[in-house]
Amino acid sequence: MTLRLSSGQRQFLLDAAAQALPEEVCGLLVGQDGEVADLVPARNVARDPRRSFEIDPATLLATYREARGRGQRVLGHWHSHPNGRAAPSARDAARALDNGQIWLIIAGDTLTAWRAEAGSGASAAGPARFTAVPLEIA
């Protein structure tokens with residue numbers, strides 16, 4: 001599967017990450033069949049937002065409900081890495097679930113997309129290994 005974003009959505013993500021510095025920014029990807037229809041920003045409620053992210057649970061639940069009501073789904077989430085590395089961190093790997101969702105990472109002016117491999121991460125013993133997901137900007 002390829003994840004598809006518009007150039008406007010790409011710019012939105014880059015701007016959100018830059019404005020949040022030095023903290024991580026986060027949100028949800030909503031759409032279907034790899035096509036992102038909406039980017040839903042969420043408050044980062046992590047204990048240390050400079051080093052981690054946690055999507056506000058109220059936003060998470062509301063977004064799942066709204067997406068279902070529109071015949072869409074939450075494809076995954078996005079978050080930034082203020083350290084400039086556009087790859088999943090050890091903390092990301094420790095928290096990842098094998099649920100088919102996308103991890104979109106923003107680092108500087110780079111976007112990358114990832115999926116945790118089956119049988120790894122929080123649902124199994126040991127940290128997740130990620131597989132890159134092709135990202136298409138239209």
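Predicted model: local features only at pLDDT ≥ 70, side-chain atom pairs only at ≥ 80, totals over all residues.
**Notebook: rings around F53**

I started at F53 and found R95 over its ring face, 4.9 Å from the ring centre.

Next I searched the whole structure for aromatic pairs and got three. I wrote up the ones that involve W103.

Pair F53–W103: I get 6.2 Å between the ring centres and 80 degrees between the planes, so I logged this pair as edge-to-face. The cut-off for that label is over 60 degrees. I then checked where the two partners sit along the chain. F53 is in the loop between β3 (35-42) and α2 (57-69), while W103 is in strand β5 (residues 102-107). They are 50 residues apart, so I noted a link between distant parts of the chain.

Are F53 and W103 buried or exposed? Both came out buried.

Pair W103–F130: here the centres are 5.5 Å apart and the planes at 70 degrees, so this one is edge-to-face too.

W103 has a relative accessible area of 6%, so I call it buried. F130 has 16% and is also buried, as the cut-off is under 20%.

Which residues make up the aromatic cluster with W103? I have F53, W103 and F130 in one cluster. Going back to my first entry, R95 lies over the face of one of its members, F53.

Terms used. Residues numbered from 1 in each chain as written. Heavy atoms only, no water. Phe/Tyr/Trp six-rings, centres within 6.5 Å; stacked < 30°, edge-to-face > 60°. Helix = DSSP H or I, 4+ residues; strand = E, 2+ residues; numbered from the N terminus. Buried < 20%, exposed > 50% of the residue type's maximum accessible area, 1.4 Å probe, protein only. Lys NZ or Arg CZ within 6 Å of the ring centre and 35° of its normal.
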